[in-house]
Amino acid sequence: MNGWMGTILRVDLSSGVIKREALDPDLAFNYVGGRGLATKILYDELDIECDPLSPENMLIFANGPATLALGLSSGRSMVVTKSPLTGTICSSNAGGYFPAAFKTAGYDLIIFTGRSDHPVYLHINDDKAVLRDASDLWGLEAEETDLTILKKVNPKQRRETKTACIGPAGENLVRFAGIVHDGHRLAARSGVGAVMGSKNLKAVAIRGTGGVRVANAEELLRATLIADHIKTTDLGIAFEEFGTPLFVDVLNAVNAMPTKNFQYGFFEDGDLINGAEMYDRTLVRSKACYGCPLNCGRNTRLADDAKYQGRGDGPEYETLYSLGSNLLNGDIEAVTKMNYICNQMGMDAIDTGVTLGTIMELQEIGHLSEAEIGFPITWGDAEASIRLLKMIANAEGFGIEAGKGGRYLAEKYNAPEVFMGSKGQGFAAYHPRAMVGQGLLFATSPEGGNHTTGNTIQQEMNGIPTPMDPLTAEGKPQLVIKNQNETAFIESMGVCIFPYMFLENGLEAFTELYNAIIGAELTEEDTFRMGERIFNLERMFNYRLGFTRKDDTLPKRLTETPHPEGVAEGNVVPLEQMLDEYYQLRGWTIDGIPTQEKLETLEIV
Amino acid sequence: MTKIIVFDQSRCTYCQLCTLYCSLAFNKDGIVEFRPAQARIQVAQNEDDTKYAAHVCIQCEEATCMSACPVEGCITRNPNTGVVEINEDLCIGCGKCVKACEYGAIFMVDGKAVKCEVCDDPLCVKACAMQALSLEEPNEKYISEIKKLYVEVPL
């Protein structure tokens with residue numbers, strides 16, 4: 001096969017039995033790979049009502065057909081499972097170097113079922129796969145886990161061996177624990193790390209020496225021209241210099257930078273935590289994921305004489321919001337330190353920040369006492385934040401409750417309206433009152449407040465391909481559907497959504513590249529339809545669990561409380577109006593349920 | 001002077017596109033694939049992730065690989081280009097040249113030793129979005145610095 005490796009590895013952690021299975025080519029063609037293909041397998045095989053942290057849940061590591069088969073941001077793999085944070089289907093993806101090893105070892109998917117009775121890690125060396133004891137790794141932070149595993153590997157194979165692991169947060173079932181690639185980069189969202197922890201699976205270490213076949217290598221070389229084009233646009237140039245932190249200035253300028261738990265859309269200390277500040281104070285060098293020309297990664301270090309010490313990756317823009325503006329924390333060194341701790345503990349920095357924001361507001365409005373937490377935690381208090389986030393990761397004291405997430409806390413303390421997320425997952429870094437399409441996107445995302453199941457920033461904020469008013473409902477249902485379907489396809493391919501976002505017609509470019517990889521003659525309509533199929537399948541997964549319109553919600557703060565400042569002053573998200581049109585355009589009922597006709601058109605059975 | 005693949009470590013982002021694309025140039029038996037393990041350029045990072053080094057043959061004037069090779073005529077210098085070449089048919093896969101190269105620029109692929117033999121229009125150079133690689137005649141300063149880097153940041 002071109003693109004796909006043709007092999008699925010099934011690992012039953014209860015029995016220790018490991019089996020290889022051939023990939024069904026029709027299934028792969030229809031559901032692409034990664035997010036799409038893994039969701040289809042869960043849809044068909046999972047006991048859908050299962051507790052996400054029970055042995056019955058399935059945890060799927062998934063490559064796409066383009067993973068490593070394309071020199072354009074395709075060093076990505078995904079983790080797909082039923083989320084313990086939202087109770088929905090979820091797909092959490094990450095780059096780094098692990099996906100390249102995973103793919104060259106010869107697998108499209110690794111499907112974990114059951115639960116081991118003691119800590120283990122899966123060690124794969126091309127076609128050899130063995131479960132090994134991980135008792136000595138349990139409790140270790142991410143980088144230490146990575147290094148400890150690598151020390152056990154034959155020195156000649158060490159450089160080529162890459163790991164994905166959980167940190168203490170995943171072991172302790174923190175509902176927003178992630179899975180860490182190469183000791184530093186996270187498949188962060190939706191609590192995939194807690195599912196891994198619940199299975200007593202500490203890590204997956206892989207070395208691969210195989211190749212990924214492609215249909216037309218000559219055609220694929222055009223990816224270098226696309227990369228050159230992206231890198232010479234204004235945004236591309238800024239992206240190379242500042243990475244994702246450049247968005248602090250972009251979003252702050254239009255009052256869309258979520259601040260103080262989304263009470264505001266402008267952070268007055270924004271210029272203390274932006275890309276330029278990081279460039280001057282913490283950046284060692286920019287760093288790319290495997291096979292990516294965009295190098296948005298930030299390799300950073302805190303100076304020896306700074307208040308905090310450490311080194312690592314990031315923070316990314318999302319973290320500068322979640323642990324920065326969202327908490328009124330304008331200290332870049334503190335945000336960086338908190339980011340390092342999240343990464344090393346294996347915890348999603350976005351939901352960590354949203355949870356801290358929930359706690360700070362609950363305490364401010366008198367619903368949560370200092371005594372319950374053990375100490376005061378007020379807006380902007382970095383010391384208390386650091387203390388609390390370690391307690392969350394290590395499941396100590398109030399950290400045990402906090403580790404269940406912002407929605408849980410807000411409900412427990414009788415102020416559900418202070419949790420800033422959808423379906424239990426905290427929002428990514430875009431204030432929906434200042435870009436209402438993003439609000440619709442968050443409300444309808446299969447996994448809640450996520451920024452990779454679609455992202456409206458290019459059109460709503462940067463006017464690409466055509467300018468659009470970010471404050472009104474007009475055209476937003478169409479925009480969101482386009483984004484959701486296209487990114488479902490792009491992600492399932494195994495490609496990062498950045499180059500897609502930066503191109504005027506990203507789907508066209510990636511459809512052509514996809515054809516060159518797998519040897520097909522698909523049109524944009526075809527790949528759009530594949531994305532739509534995947535998105536509808538995710539919707540059906542959730543619908544089978546009872547999710548409908550009643551769950552496609554946003555906090556009242558976004559739909560009822562007017563935006564306080566700037567260009568978006570007075571604005572709210574007209575969610576219900578957008579939802580009516582959105583469902584109609586999707587071919588769903590007014591309650592947000594895909595119709596039989598729609599499912600038949602998409603050949604979902 | 002011999003043209004070689006020159007590496008500017010200050011521009012490298014450890015993306016390994018050079019490795020990925022280089023591998024395309026060495027496909028065999030009609031198979032078209034990206035296979036990083038068969039590439040003739042491999043990138044290393046140092047322990048604290050502050051330095052990256054794309055290991056690729058610098059076509060040494062005093063080539064230790066040549067003297068280490070036990071097979072007569074297997075590793076030779078092309079008199080026209082100055083490039084050190086390995087005769088795949090003669091290579092017995094003993095790995096002595098790999099060990100002899102202190103710059104980590106010879107690799108074992110499927111039982112044979114392989115190295116960069118400088119393509120006419122190198123895909124690694126074309127692939128590098130950061131222009132960290134170029135095909136040129138190096139000066140002595142470059143050669144002494146890159147040797148240091150390869151030893152400091154080994155594969």
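Trainee: Before we start, what are the ground rules for numbering and confidence?
Mentor: Residues are numbered from 1 along each chain as its sequence is written, while chains are lettered from A and ligands numbered from 1 in the order in which they are written. Since the model is predicted, local features need pLDDT of at least 70 and side-chain atom pairs count only at pLDDT 80 or more, while totals for chains, interfaces and linings use all residues.

Trainee: Okay, how is chain A divided?
Mentor: The bounds come from an automatic or database domain assignment. That gives domain 1 (7-207), domain 2 (220-422) and domain 3 (432-601).

Trainee: Which element gives the most to the side of domain 1 of chain A that touches domain 2 of chain A?
Mentor: The C-alpha centres of these two domains of chain A lie 25 Å apart, and 34 residues of domain 1 are in contact with 30 residues of domain 2. Contact here means that two C-beta atoms, placed from the backbone, lie within 7 Å. On the domain 1 side, α3 (98-104), α4 (142-152), α5 (168-171) and β11 (185-187) of chain A each supply at least two residues; helices (H or I, at least four residues) and strands (E, at least two) are DSSP runs, numbered from the N terminus. The most, three residues, comes from α5(A).

Trainee: Which element makes up the largest share of the side of chain B that touches chain A?
Mentor: Here 23 residues of chain B are in contact with 27 residues of chain A. In chain B, α1 (17-24), β2 (33-34) and α4 (123-127) give two or more residues each. That side has 15 nonpolar, three polar and five charged residues. The largest share, four residues, belongs to α1(B).

Trainee: Which residue is the bridge partner of A:V212 in β2(B)?
Mentor: Strand β13 (residues 212-213) of chain A is joined to β2(B) by two bridges, and the strands run antiparallel. Pairing takes at least two bridges found by DSSP. The partner of A:V212 is B:F34.

Trainee: Back in chain A, at what angle do helices α12 and α13 cross?
Mentor: Angles run from 0 to 180 degrees between N-to-C directions, and axes are lines fitted to C-alpha atoms, for helices over the stretch in contact. In α12(A), A:T319, A:L320, A:L323 and A:G324 meet A:V335, A:M338 and A:N339 of α13(A). The axes of α12 (residues 317-324) and α13 (residues 332-345) of chain A come within 10 Å and cross at roughly 105°.

Trainee: How many residues of strand β2 (residues 17-22) of chain A are buried?
Mentor: A residue is buried if 20 or more other C-beta atoms lie within 10 Å of its own, exposed if 12 or fewer, and partly exposed in between, with C-beta atoms placed from the backbone. Strand β1 (residues 7-12) of chain A pairs with β2(A) over six bridges in the antiparallel sense, with A:L9 opposite A:R20. Among the six residues of β2(A), the buried count is zero.

Trainee: Which strands are the edges of the open sheet in chain A?
Mentor: Its six strands run in the order β8-β7-β12-β9-β10-β11, with mixed pairing. The twist averages 25° from one strand to the next. Each edge strand pairs on one side only, and the edges are β8 (128-133) and β11 of chain A.

Trainee: Last one: is A:A223 buried or exposed?
Mentor: A:A223 is found in helix α8 of chain A. Leaving out residues up to four places away in sequence, A:A223 touches A:L70, A:G71, A:L72 and A:L513. With 25 C-beta neighbours inside 10 Å, A:A223 counts as buried.

Notes:
Ala, Val, Leu, Ile, Met, Phe, Trp, Tyr, Cys and Pro count as nonpolar, Asp, Glu, Lys and Arg as charged, and the others, Gly among them, as polar.
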